[in-house]
Amino acid sequence: MKIVIIDYDVGNVRSMLNAFKKVGVNPILSNNEEEILSADGVILPGVGAFAHGMENLNKYNLVNTIKKYTNTNKPFMGVCLGMQMLLDESEEFSQTKGLGLISGKVIKLPTKNKSHEKLPHVSWNEIIEKRTKWNNTILKNIEQQSDVYFVHSFITDLKNEDEVLSTTQYSNYEFCSSIKKDNIYGCQFHPEKSGEIGLRIIENFVNICKENIK
Amino acid sequence: MNKIRVIARIDVKNEHVIKGIHLEGLRKVGNPNELAKKYYENSIDEIVLMDAVAAYYDRNSLSEIIQKACEEVFIPITVGGGIRKIEDIQIALNAGADKIAINTQSINTPEFITEATKIFGSQCIVSSIVAKKISDNKWEAYTDNGREPTGKDVVEWAKTVEKLGAGEIMLTSIDKEGTKKGFDIELNKAVSEAVSIPIISSGGMKNSDDALELLLNTNVDAIATASTLHYKLESISDIKQKLTLNGIKVRV
């Protein structure tokens with residue numbers, strides 16, 4: 001089985017690589033179109049600013065490659081900024097267009113209560129199941145309210161609530177913490193940094209890729 | 001309320017974990033990778049690796065330790081000590097670090113923080129502030145692992161680093177560091193009230209009683225301890241249990 005982690009100079013890919021190795025897969029780090037299109041599963045990692053992420057995807061001609069890949073309905077997972085870029089656009093710094101694979105936009109995490117309105121949201125926090133059930137997804141056999149690790153100031157505001165796989169509460173605001181649309185997944189948290197729970201999510205993704213080959 | 005992070009602080013000198021008092025009189029206490037792995041398995045929330053001597057040798061030598069740690073430790077890792085250039089940050093991130101703590105270089109060149117956050121994002125840049133009390137409710141920022149006074153007021157400096165774009169502050173009290181006499185509550189109160197970015201409080205923790213006193217009286221977001229864990233004064237699960245029983249939310 002071939003898993004490709006997209007390499008476009010945005011953030012820490014080594015942890016992602018190590019997490020896959022830990023669950024028994026040796027992924028390839030690449031920004032080559034052929035390599036990506038021939039993969040059984042693709043990960044789009046990324047931290048930092050939305051515009052910078054999109055700029056680098058464009059620099060490596062990855063926008064069309066990602067669209068071609070996801071059109072095949074093979075499993076794809078964006079993590080943190082990699083999830084946010086799946087949406088139509090972001091309001092971070094200036095309006096920037098995203099990949100447009102998920103309808104909605106990226107907005108600043110609204111905070112209310114003065115004493116707890118810290119941003120970025122850097123914390124372990126709980127994920128909660130909504131309309132879309134977790135069985136047969138990357139969150140299969142993950143307990144309700146499991147703690148995963150977040151570090152972000154922006155969130156995804158989805159048009160279609162059925163694509164919200166989990167939500168998380170911060171400062172009295174409930175935001176979308178993971179996405180599922182067919183075989184496209186997104187995690188606002190970092191599964192590669194979320195201890196044993198995170199490794200199980202990555203293992204679930206690997207299993208989805210395996211089943212998809214059959 | 002946000003979940004409070006319990007962080008293991010591992011100070012490293014020449015491949016050994018070291019621990020001193022007031023950041024001085026350093027003693028070897030173990031192997032950094034063995035300790036990082038052990039604390040991870042015992043459900044620590046995050047690990048801070050500090051090169052204790054890098055700042056005054058002008059180098060950072062943690063790459064191998066970070067690389068090895070990342071193969072077994074799947075929680076956030078912050079790296080600091082001797083970070084002077086953008087390239088130093090890139091090397092530490094490539095080795096597997098998630099966040100970079102910066103002190104000395106930002107005092108010398110405050111714009112370094114802004115430059116670093118523009119490239120790597122605010123979430124990646126932790127301002128390490130080392131504070132020494134000079135009078136009632138007044139602290140001075142120190143550099144070079146607590147050796148050099150800077151003349152900067154800690155609370156003002158904290159506001160400045162927030163404006164410069166730092167995503168977090170790691171606040172270390174030199175007066176309390178290594179003493180196991182509890183956190184400097186007034187210092188943590190003053191800084192956490194002055195800024196709205198997360199604060200990691202470091203220096204002075206012996207056990208969960210100290211953590212509790214800090215967390216019930218201030219608005220900090222994380223506690224970092226070395227002595228408690230290196231000297232096995234209290235287990236991570238006992239610390240977390242004590243906090244939970246007293247209404248402080250933590251990751252279980």
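In chain B, strand S11 (residues 199-202) pairs with strand S12 in the parallel sense over 3 bridges, where strands are DSSP E runs of at least two residues and helices are H or I runs of at least four, numbered from the N terminus, and pairing requires at least two DSSP bridges between two strands. The model is a predicted one, in which local features need pLDDT of at least 70 and side-chain atom pairs count only at pLDDT 80 or more, while totals for chains, interfaces and linings use all residues. Residues are numbered from 1 along each chain as its sequence is written, and chains are lettered from A and ligands numbered from 1 in the order in which they are written.

Within the pairing of these strands, Ser201(B) stands opposite Ile223(B) in S12(B). From S11(B) the chain passes through helix H9 (residues 208-217) of chain B to S12(B), a β-α-β crossover that is right-handed, meaning that, with the strands pointing away from the viewer, the path from the first strand over the helix to the second runs clockwise.

S12(B) also runs parallel to strand S1 (residues 5-13) of chain B, to which 4 bridges join it, and Arg5(B) stands opposite Ala222(B) there. In a regular strand the side chains alternate between the two faces of the sheet. In strand S12 (residues 222-225) of chain B both faces are covered, with Ala222(B) and Ala224(B) on one side and Ile223(B) and Thr225(B) on the other all buried (20 or more other C-beta atoms, placed from the backbone, within 10 Å of the residue's own).

As a whole, chain B holds 11 helices and 12 strands, and 56% of its 252 residues count as buried.

Note on methods: Buried ≥ 20, exposed ≤ 12 C-beta atoms within 10 Å, placed from the backbone.
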